Amino acid sequence: MINAPIQSASPAPAGGITELVLTHNAPEQTQLLLPMVAHLSRTPSDRWLTWISPGPVDRRLLERYGVDIRGIRLIHAPETDDNRWILWEALAKGNSHTVIASPGALSDRELKQLEAAALQGQCQALLLRVR
């Protein structure tokens, strides 16, 4: 009996959006988020892990959680409507494997635009929401 080669389904396009909903001002959020950031910073890639943050991020805290500082690009952008443009650009450019951001409330149209940018740049987005 001859076994035919197994045909795999075509791979899904690289790029997409994941939303993570966090509880407002809960200290355990850091313990949840930073290990994920550390893992993503060590992803073998020639592209960045980009974190667009409304406030400064303490590099020593990142290092304590095992974040590879050489693989992360931190963008400090106070919350404005420009943040969505910065996020869109970071996703679409293709120089990041993952972009983390807190864009606030998004309309369906804005979310679709970000999804399109992620597909264009073959990038994953991790959108942090606070409730």
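Here are some numbered notes on the predicted model above, from the overall fold down to single residues.

1. **Ground rules.** This is a predicted model, with local features needing pLDDT of at least 70, side-chain atom pairs counted only at pLDDT 80 or more, and totals for chains, interfaces and linings using all residues. Residues are numbered from 1 along each chain as its sequence is written, and side-chain values use heavy atoms, with hydrogens and water left out.

2. **Overall layout.** The chain has 4 helices and 5 strands, arranged along the sequence as β-α-β-α-β-α-β-α-β. Helices (H or I, at least four residues) and strands (E, at least two) are DSSP runs, numbered from the N terminus. Of the 131 residues, 35% count as buried; buried means under 20% relative accessible area, exposed over 50%, and partly exposed in between, with a 1.4 Å probe and protein chains only. Contact means heavy atoms within 4.5 Å. Among contacts with a separation of 6 or more, 72% are between residues 24 or more positions apart.

3. **Helix α3.** Have a look at α3 (82-92), where N83, L87, A90, L91 and A92 are buried. What do these buried residues pack against? Their partners are β2, β4 (96-101), α4 and β5. After α3 comes G94, with a positive phi near 85°.

4. **How α3 meets α4.** Two packed helices are described by the angle between their axes and the distance between the axes. For α3 and α4 (residues 108-120), the angle is about 30° and the axes are 7 Å apart. The pair is therefore roughly parallel. Axes here are lines fitted to C-alpha atoms, for helices over the stretch in contact, and angles run from 0 to 180 degrees between N-to-C directions. Angles under 35 degrees count as roughly parallel, over 145 as roughly antiparallel, 65 to 115 as roughly perpendicular and the rest as oblique. On the α3 side the contact uses R84, L87, W88, L91 and A92, which meet E110, Q113, L114, A117, A118 and Q120 of α4. By class, this contact has 7 nonpolar, 2 polar and 2 charged residues. Ala, Val, Leu, Ile, Met, Phe, Trp, Tyr, Cys and Pro count as nonpolar, Asp, Glu, Lys and Arg as charged, and the others, Gly among them, as polar.

5. **L114.** This leucine sits in helix α4. Is L114 buried or exposed? L114 is buried, at 4% relative accessibility. Leaving out residues up to four places away in sequence, L114 touches I17, R84, L87, W88, L91, L106 and L127. L114 and L87 are 27 residues apart in sequence, with their C-alpha atoms 7.9 Å apart.

6. **L106.** In the loop between β4 and α4 you will find L106, which counts as buried at 17% relative accessibility. Apart from neighbours within four places in sequence, L106 is in contact with R84, L111, L114, L127 and R129. L106 and R84 are 22 residues apart in sequence and 9.2 Å apart from C-alpha to C-alpha.

7. **The cavity.** How many cavities of 30 Å³ or more are there? The count is 1. On a 1 Å grid over the protein atoms alone, a cavity is a set of points where a 1.4 Å probe fits but cannot get out, and a pocket is an open set with protein on both sides within 12 Å along at least five of seven lines; lining residues have an atom within 4 Å of a point. Grid points are joined across faces, edges and corners, and a volume is the space filled by probe spheres set on the points. The largest cavity holds about 60 Å³, and its lining is I52, S53, P54, N83, R84, L87, A101, S102 and P103. The largest share, 3 residues, comes from α3. The lining divides into 5 nonpolar, 3 polar and 1 charged residues.

8. The largest pocket has about 540 Å³ of space. Of its 22 lining residues, L22, T30, L33, W51 and L128 are the closest to the centre. α1 (28-41), β2 and β5 each supply at least two lining residues, and α1 gives the most, with 4. By class, the lining has 12 nonpolar, 8 polar and 2 charged residues.

9. **Q122.** One backbone detail deserves a look: Q122, a residue other than glycine, has a positive phi near 50°. Most residues other than glycine have a negative phi. Q122 lies in the loop between α4 and β5 (124-130) and is partly exposed, with a relative accessible area of 49%.
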